[in-house]
Amino acid sequence: MMKTRLFRLTVLMLAFTMTSCDQILDNYWDRKAQEQYVSPYKGTYKGNYSGDEVGTITIEVAKSGNTSLVKTSKFGTDDSFSSGTVTDDGSLNSVRLQSGFTLLGNLNTKSGTWKMGEWNGNWSVLKQ
């Protein structure tokens with residue numbers, strides 16, 4: 001009886017250890033893939049936005065796909081804050097400034113819409 005319990009406990013611990021090792025290896029390879037990933041949209045994009053406000057924008061896409069945005073309005077205000085990502089299909093995800101200025105669109109088409117409170121309009125960029 002005691003040998004049976006000890007055997008079951010050993011088998012259970014071995015199975016748990018193997019599962020944990022598999023998870024560790026999976027996590028390792030996932031991290032390696034993330035480190036080696038290069039966004040197809042990596043680079044600098046510059047252009048204009050228009051509508052209820054007008055000005056220029058610069059979108060910087062890092063190797064990881066993280067974005068930073070700089071907006072300079074014709075009224076002289078400059079707003080920049082790192083935020084958001086670009087997905088593998090070019091869609092902008094949460095590209096937003098602290099002021100609430102938000103870009104919606106796609107870097108495949110290099111265009112989209114923007115909004116900030118009740119204001120909105122269109123934007124377009126070219127890759128530098």
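Hi everyone, here is a short walk through a few residues and regions of this structure.

First, some housekeeping. This is a predicted model, where local features need pLDDT of at least 70, side-chain atom pairs count only at pLDDT 80 or more, and totals for chains, interfaces and linings use all residues. Residues are numbered from 1 along each chain as its sequence is written, and side-chain values use heavy atoms, with hydrogens and water left out.

Let's start with Glu53. You will find Glu53 in the loop between strand S1 (43–51) and strand S2 (55–61); helices (H or I, at least four residues) and strands (E, at least two) are DSSP runs, numbered from the N terminus. Is Glu53 buried or exposed? Glu53 counts as buried because its relative accessibility is 6%, where buried means under 20% relative accessible area, exposed over 50%, and partly exposed in between (1.4 Å probe, protein chains only).

And what does the Glu53 side chain meet? The side chains of Glu53 and Lys71 form a salt bridge at 3.1 Å, N to O, that is, a side-chain nitrogen of Lys or Arg within 4 Å of a carboxyl oxygen of Asp or Glu. A search of the whole structure finds 1 salt bridge. Lys71 sits in strand S3 (residues 66–73) and Glu53 in the S1–S2 loop, so the pair ties together parts that are 18 residues apart in sequence. Lys71 is buried too, at 3% relative accessibility. Leaving aside neighbours within four places in sequence, Glu53 is also in contact with residues including Phe75, Trp114 and Trp119, contact meaning heavy atoms within 4.5 Å.

Now for the core. In soluble globular proteins, nonpolar side chains tend to be buried together. Here, the largest nonpolar core has 18 residues, and among those touching the most other members are Ile57, Ile59, Leu69 and Trp123. By nonpolar core I mean a set of buried Ala, Val, Leu, Ile, Met, Phe, Trp, Tyr and Cys residues joined through side-chain atoms within 4.5 Å. S2 gives the most to this core, with 3 residues. Not counting residues up to four places away in sequence, Ile59 touches Leu69, Leu103, Leu107 and Trp123, among others.

Last stop, Pro40, in the loop between helix H1 (2–36) and S1. Which residues does Pro40 touch, not counting those up to four places away in sequence? They are Asp88 and Lys127. The C-alpha atoms of Pro40 and Asp88 are separated by 7.0 Å, although the two are 48 residues apart along the chain.
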